[in-house]
Every structure is written in structure tokens, then in C-alpha cells.
Amino acid sequence: MSIDVIHDPEFDPLSPRTLAEPGQAYSQLRERCPFHHHRSDKHDFYVTSRHDEIRQQVLADNPVWSFRFGNSAKDTMGDVGFVTDPPFHMAFRAVLQQGLLPRAVQVYEPQIEAIANRLIDAMLTHERGDFQVEFGMPLPAQMMCLMLGLPTDDYRTYKRWSDELQVQMFHETKAASYEAILGEILPFFGAQIAQRRRQLADAGITESSVEHLGTVLDGGYISRCLVARVEDRPLTDPEVLNVCLGFLTGGQETTANLIGNLVWRLLERRELWETLRASPKLIEAAIEESLRFDPPVLAHFRTSLCPVTMHGHELPERSKLMFNIAGANRDPQKFPDPETFRLDRPLAQVRQHLSFGAGVHFCMGAPIARMEARIAMRLLLERLPNLRLEGRGERVRTWLYWGRAQLPLAWG
């Protein structure tokens, strides 16, 4: 059925109201105008908000909606590595996916526990502080370092790089202007790649393979890329750099948002924290409900490869489409009582959220993000049972992300 009005004048993703309470704003957009044309002096894109349409018509293997122009309201660095379309995208995913499957990531459990316990040990030397600075951000940031094969000492630098990349991607409205920050990032990762290539050359290896991981090379994902093959050829340096940038942004920011959002909501309604303390078996349900209620990324973008009709309206080729994860995650057709954070939803139901996407671009890091959150919550409940809010803190800078940049807590 055609929708005649495709503009909701009340919705502005950059307004103070939306930035403060995006879940409500994006949910209200779904109800008022499920297919919306957002046009301003900064952006021009369409928004689709209903859960089933997003899952079945946008995120399924739909050749109309492309990922290769990047994941923002303007064209960004793309058509390389993960930022590609099928069939190549599926071949490239297979290069790293085996190491990120739920069973495979179990190898990281001792490292996650060790980092989390060290961070809690440091917190216990005082009685209050900024939870995100002391725990929520360092845990996934240091795990990102370990997974790439980088020393963890410089995790704050990598986080700064990630933050600046997100600002460039989502806030700059002209052609991408990444030169300054990429001037720091690309030489660093280029040197990391070159160092590993030298290690292979010094060992007299001209054709590397997985048998060299843990022997000549470390087992991190930079090294994994250098021994992998896609379509029967080695990965190019731009493809390896794309993997590094994927870990740099997706490997820490979203998990930090997940951990911070979950702790915030549980302490905001203290009875939820106490319920989880009494029944730790609900931790998994709490994580999935946090992903549904407070998606770490509020929406994603695709670009049309040809003219397309949606809701009776003609969209031209190269139109930008934002699919509204926050609104879809609160779609009452999928989730009863969607505006309430609850711990009693059946896992099969709550896992229908779209916070990790769906279809061919489903987030490969979902298993490790879930594991980090699960271990973090178990240890926080055990070791810091008296955690309590001392303020709302501040949200993250990037409008398309949702999490706490600051979360003041007390635990003494």
C-alpha cells in the first residue's frame, strides 16, 4: 500500500531531543512515518523503520541495496574488503569467519577474564569514578588489540583514532575528508603489515600458510590476513588495511556501548540489578534485551544501485537508505511491550533484534561481543555488587551510535 506522506517534520536525528532519547524518537518515527524522506542542509536520505521490511527486503541478499559505497549518509571508503557486495563479500568473509565463530572465540575467554579482573582490581583501589573510562571502554579496546596482534599499552590511541573516524564518517557532509586522521592510522598499520612480511621473508618463506601462525607469525588477525587467500589469491594490502579498520571501529566501540548501556539500564532501575544478582542465569537475556532496547548502532545505510520503488515512491539510483534499527527493535509486531526494558523475554523472541544486522552482512563480531559482555557482567555482579549510579553521564559523540561516553558510578 502506498504511503502518501513520506516526511515527518518532527524527526531530526541531530536534534537535542533525538540525541538524548534516540530509542523513543526512532520508535515514534516508525509509528508516524514508517517510510520517511529526511532532507536537510546536512543530509538527504530515506529511512525505513519496520522490522520485517528491513530484515526481509533490505538486509536479505537484495541486489538493489549495496554496501560498497560505505555505511553513512554520504559515500565513504568502500568497495574493498568487507565493504563490498556478494558474491565477493561472501568469499572475503570466509577468510576470517572461522576464527570468529561462537566455538572458535572460546579461546579468548581467559584473556577477557584476565583483563576484566585487572580493571576491577584497579577500580577497587577507590570508591567511585567514570565506569566507561575505567572498565566499559578498556575491556573491548584491549581485546581488540590482542585480536589484531597489537600491544595493549596504546589502546587509548586506537580508541581516539576510532572516535575520529566515526566523526568523519557520520558528521562530515561533503566528500569524505579523512586525510588527517588516516595520516596517523594508515602508516601505523602499514608498518605492522610490513613487519610481518619481513618476518616471513627473513624465514625464507615465499608462500605463507596457516601453519606459520603461532610460529613465524603471531596469531593475530593482521597475521591471519597475510596467510589467507581469497578467490585463490593472497589479500592485497588495502584489503588487510580494511580488516584493521574494521577491528579498530567495530571491535571496540560497539561492545563498549553495549556494556555501558546494559549497566546503565540495570542501575537506573535498581530492582533489575538485584534480580540479576539473585539470578545470574538471566545475564544472557539481559544482554539481548540491552541490544534490543539500546542498540549500540542506531541505524545503518545502504545505497541503491538502480532506481527502485518503495512504498509507492520512486527513488533514483544512488539513493541513500537508512534502516532504522532502533525503531525496528521496538516494533510491537515483533516485541510485546516494546518500550519497556525487561529481563523476562524469551531468548528466541528477543534475539530477533537487528542490532547485529541480518543476512549477508550480519556482524561477524557478534560472538566475541556477546562473550565480552557476558564475562563482564558476571564479574561485575560478583565483585562490585554495590555498583550504583551517580548521574546520567554523557552520550557518545557520533549521532548514529548510542552509548555512554561517560557514566559516573560509585561502588565503595
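This is a predicted model: local features need pLDDT of at least 70, side-chain atom pairs count only at pLDDT 80 or more; totals for chains, interfaces and linings use all residues.
Strand E2 is paired with two other strands. Strand E10 (residues 320-324), by contrast, runs parallel to E2 and is joined to it by three bridges; here Thr48 has Phe323 of E10 as its bridge partner.

## A three-stranded open sheet

An open sheet is formed by three strands in the order E4-E14-E11, with antiparallel pairing. Its edges are strand E4 (128-130) and strand E11 (388-389), each of which pairs on one side only. Between E4 and strand E14 (residues 408-410), which run antiparallel, there are three bridges, and Gly129 stands opposite Leu409 in E14.

## The buried side of helix H13

In helix H13, which covers residues 270-278, the buried residues are Leu272, Trp273 and Leu276. These residues lie on the same side of H13, because they cover an arc of only 100° around the axis. The elements against which the buried residues of H13 pack are H12, helix H14 (283-293) and helix H17 (366-383).

## The second largest pocket

The second largest pocket has a volume of about 340 Å³, and its lining consists of 17 residues, of which Met137, Lys159, Asp163, Glu253 and Ala405 lie nearest the centre of the pocket. Two or more lining residues are given by each of helix H6 (131-136), helix H8 (155-171), helix H12 (253-268) and strand E13 (404-406). Helix H8 provides the largest share of this lining, with six residues. By residue type, the lining of this pocket divides into seven charged, six nonpolar and four polar residues.

## Thr157 in helix H8

Thr157 is also a residue of helix H8. With a relative accessibility of 30%, Thr157 counts as partly exposed, because that class lies between the buried limit of under 20% and the exposed limit of over 50%. Thr157 and Pro234 are separated by 77 residues in sequence, and the distance between their C-alpha atoms is 30 Å.

Notes. Residues are numbered from 1 along each chain as its sequence is written. Side-chain values use heavy atoms; hydrogens and water are left out. On a 1 Å grid over the protein atoms alone, a cavity is a set of points where a 1.4 Å probe fits but cannot get out, and a pocket is an open set with protein on both sides within 12 Å along at least five of seven lines; lining residues have an atom within 4 Å of a point. Grid points are joined across faces, edges and corners, and a volume is the space filled by probe spheres set on the points. Helices (H or I, at least four residues) and strands (E, at least two) are DSSP runs, numbered from the N terminus. Ala, Val, Leu, Ile, Met, Phe, Trp, Tyr, Cys and Pro count as nonpolar, Asp, Glu, Lys and Arg as charged, and the others, Gly among them, as polar. Buried means under 20% relative accessible area, exposed over 50%, partly exposed in between (1.4 Å probe, protein chains only). The arc is that of the directions from the helix axis to the C-beta atoms. Contact means heavy atoms within 4.5 Å. Two strands pair if DSSP finds at least two bridges between them.
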